[in-house]
Amino acid sequence: HVVHDTKARSNPGCLFNHSTFWRGAGMCGPRSCSVLPVTSSWLLAAAYCCGARTTTISEATPWPCGNDTLGGSKPGAARFAAAAMECEDTSGLLQQQHQQRSGIATGHSGGGVSGHELQHSPGRTEQEDEEKTKAEGRRGGCRGDRRGGRVAGLQSAASVGRRDQGPILDAKTIKKYVTPLVIPPVMRTARCRTLFCGPRRVAKYEIAMRRFKQQILPGAHWNNPIWGILQEPLPENHTFGSTEVFGYGPAADPEPDSTALNGSLGLAPAANSQFNYPAYTVENTRFKPTSVDWINHLVENPWKCKWRWPRGPDCNFIKHIIPVDQSLHWANPGRLMCNPALNKTIDCRPSNVTDPELGRQYSGPVPMVVHVHGGHTDPESDGYPEAWWLPAASDISESFARQGTLVNQFGRLTNFRLGVANFRYRNDQPSATLWFHDHTLGMTRNNVYAGPAGFWIIRESGGRETGLVRGSLPGPAPRPGEGLLETNLPGKKGRDRLREIPILIQDRSFYENGSLFYPDNRAFFEELHPDQLQIPLIGNPENVSDIPRIWNPEAFFDVMVVNGVSWPVHKVEPDLYRFRLLNGCGSRFLNLALCVVDGSGAPCPLDSDGRPDPPEHELSFYQIGAEQSLLPKVVEVRTGFKTALPGNGFIPRHKRPASSPREALLMGPSERADVLVDFRGLKKGTVVRLINTGPDEPFGGFDPSVGIADENTTRQVMEFHVVHDTKVGNDATPPEHLKLRLPDANDPANLVWRQPAVVTERRDLALLEEDSEEICSTTEADGAIVWDPEAEPNPEEPGTCRLKGSNASTVVSKPFGPKAVLLGINGSSVDFRRTLWKDPIVTNPKKDTTEIWEFWNWSEDSHPIHIHLVKFRVISRIRFNTTTAMLAEKSEPAVPTEAGWKDTVIAYPGQVTKVAATFDIEGLYVWHCHVLEHEDNEMMVPYCVGPKSSAPGCDVVP
């Protein structure tokens, strides 16, 4: 059952178990199949699976799919065609699967099959394809398990469940479009306690993070016709329990009580309390500072525990609701020993990998630190990952560290009492859509998945927009002082008047009791039952390992949650609407489009490029802004096209092609898109669905061999139902008549094209992956991954293993991976150098200088790269040869939707992505990948603006 690729790799150690390819891709389970002879058709079949050009098969290989055995009735190529038909999954996405779990590291851009010919990847020559596959050994070895963490992982996890939570909920059983889109109201400010705050000086907030329950799935108060969605309550078998979450709200607010809305005491959303997931919106005025006391109030009963004077059992700490891996480089408040020589016990990676405690979930008090993503913020208020703090709980042992290494180390006192930090925000930047979320070292994914996140919107005084030259944008938005009911109940004084709405999109999974599911073992990523992952993991007392037991390289979930509600619906009039879109997923890239369907829940047919079919069923987005500002021109976005409008009242007939025919409104994690949607002209009763045609797996570009999201779950996001028109909202300017300009046009980072001399430094940075340095493994016929105790990874030939004590490479096993995803320097060289969080700072811009950062992506995935402090311009992208590091002859400019100021950019594999930024505040900051699972395991490093010896915070770190 072994297939050995003999041409696509120079590495002879890449062995592939053919009978597990299709099963590993989630296409079929174990079957009782007949054994087929080795024929030319099987050579083609194996090559199809492997993405190889020349393949040999060591013995007869059973076809693992289909309900019946494929006997000898269909010879040759006909047998392969029939087998391929048998293997097609229910979504009809055979192309999606054929490489994802193949034995070689073809990544996102490997070969495909058309007829009887193996095709090279789009945009590359056959020679480039071969060079790419030769490079994979150095980049990480045989990566047959690279496309993990998808729905198949959920299915494997569902077979296990958790004793305290029960089975995992099948997302297909959740009824869609029966819950309202919850529009976040504006968060209340706090009572001013000093002379320095007030309406003309500083906006003051006291915002706490607490545990509470929220109705995310259909049921409870969503089963009430008061919201104008349901005509009659859903039957009991279509309702679900509530979900325990962490979330932000005003510290003075009481426990949510939604009893009057058919909910219950302790259940959000509720009219009496602003604690909610996502948080209510923090509205800011440009140049008016905001001061926030961020309060960690994760205690047993925060509604009775006074956070200023914690006493008694109500103030006992609570443990996390999401599994926390103690073996990463993380906050480590429990002080597990990391470096005995330096007595390092916090903000570090525990060193004793055979300590059984590292295989257990952390059960202590939960640290937090808040980052306003995109804020032009002083370093002490930026939410540095080592500036976390624990709640002021009454039962925390003296053995615990109460706060992180960098608390109060920036020259200004922020943490003036236990459990609280005061952060101040300048808001001295163009009007924009920012957001705030937790940023604790090594556990950002856990905290954000639990719920704490919200919009942070900056406007000009009077609600104006920086860069809007002519025209008016749709409005109003929710106003300060309005509560849940004023913002969300139907009616002219309620939600029906709103034309500007923030929309946060996330993927989640649940247990059948309504609790959040998040994987607690590495087998999830491998798409295996935990018993099938038979390798030593960190915490094994008998065998050394460097593979974390709980952390997963990526994680994808099957319920689309929008503003804290699963698959909601929003009623719109035939008017222009403004949606501030945010991809808040941990790993998932979104590729959004608008599809007119025949009725609620009806299918949206797609063509081969993922475009609504027929094309006239697709509604355009008109993007007016990115993360940090308005764009210089409105951009019409349809699947396959991104066309800048001239602003003269006309929409060009000739559409500008996007980077791929499949590209729609592409958003990496944490990216924002400020868009207009024109519902004018649509008849009452029209249903428009927001769909996602991104993949259910790591995104590496629009490879045609990688399919799109599941049509029954993650392809659907929410629906808009057109209702009768009123006089509300008819005064917005049509997008083709809007005149925009880029704010801060004289920033040197915007002048690098015309004045190259403004650039003081060019940095070539590397995006990397790393496999185990301890563990070699093989894949068995049933898909199990088994440790090879006789082998060790061969540092002389990366991607291979050798017998222990020998320099000879084994042909049986390969390094298990990935172990981590990393950043580095010298990215333009094949001898790039990795950089870890613990390493000395190597990126050190001078204050008030402009630099170009080049992200050389040597990994298999796209990475959304976020740089704290700065806004930047995307300059270009250019391919490079992953064997020689040679650049292609021609670069590609930024796409029109990237023409504004940004703070997060997609760096594609095998490409150099260039950005320009001006660094104007001294201090310690970070840059990182915003795939949260990557960020939490070494794909984040600090950088220092100004002198390392004196810039705030820089003198504290190495």
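Student: Let's start with β7 and β11. In which sense do they pair, parallel or antiparallel?
Tutor: Parallel, over seven bridges. Strand β7 covers residues 203-214. This is a predicted model, by the way.

Student: What is the bridge partner of Ala203 in β11?
Tutor: Thr290.

Student: And how do β11 and β13 pair?
Tutor: In the antiparallel sense, with six bridges. Strand β13 runs over residues 420-425. There, Phe423 is the bridge partner of Val292.

Student: Is β11 buried or exposed?
Tutor: Buried. Seven of the seven residues in β11 (residues 290-296) are buried, so the strand is largely enclosed by the rest of the structure.

Student: Which residues point which way from β11?
Tutor: Thr290, Val292, Trp294 and Asn296 go one way. Ser291, Asp293 and Ile295 go the other way. All of them are buried.

Student: Now β42. How many of its residues are buried?
Tutor: Nine of the nine, across residues 849-857, so β42 is largely enclosed by the rest of the structure. Both faces are covered. Thr849, Glu851, Trp853, Phe855 and Asn857 are buried on one side. On the other, Thr850, Ile852, Glu854 and Trp856 are buried.

Student: Which strands pair with β42?
Tutor: β34 (residues 759-770) pairs with β42 in the parallel sense, over eight bridges. β47 (residues 911-919) pairs with β42 in the antiparallel sense, also over eight bridges.

Student: Change of topic. What order do the strands take in the sheet with β19?
Tutor: β19-β36-β35-β39. Those four strands form an open sheet with mixed pairing.

Student: Which strands stand at the edges?
Tutor: β19 (533-534) and β39 (814-815). Each has a single partner strand, so one side of each is left without a neighbour in the sheet.

Student: What joins β35 to β39?
Tutor: Two bridges, in the antiparallel sense. Strand β35 covers residues 776-779. Cys776 in that strand stands opposite Pro815 in β39.

Student: What is phi for Glu527?
Tutor: Near 60°, a positive value in a residue other than glycine. Glu527 lies in the loop between α9 (523-526) and β19. Its relative accessibility is 8%, so Glu527 counts as buried.

Student: And what about Asn826?
Tutor: Asn826 has a positive phi of about 55°. Its place is in the loop between β40 (820-825) and β41 (833-835). Asn826 is partly exposed, with 36% relative accessible area.

Student: Another loop residue, Thr686. Where is that one?
Tutor: Between β30 (672-678) and β31 (687-692). Thr686 counts as buried at 16% relative accessibility, the cut-off being under 20%.

Student: What does the Thr686 side chain reach?
Tutor: The backbone oxygen of Lys683, at 2.7 Å. Leaving aside residues up to four places away in sequence, Thr686 touches Val596, Phe720, His721 and Val722.

Student: Last one. How many helices and strands are in the protein chain?
Tutor: Ten helices and 49 strands. Of the chain's 958 residues, 65% count as buried. Among contacts between residues at least 6 apart in sequence, 77% join residues at least 24 apart.

Note on methods. Residues numbered from 1 in each chain as written. Predicted model: local features only at pLDDT ≥ 70, side-chain atom pairs only at ≥ 80, totals over all residues. Heavy atoms only, no water. Buried < 20%, exposed > 50% of the residue type's maximum accessible area, 1.4 Å probe, protein only. Pairing = 2+ DSSP bridges. Polar contact = N/O pair within 3.5 Å; in protein donor to acceptor, adjacent residues only side chain to side chain. Contact = heavy atoms within 4.5 Å.
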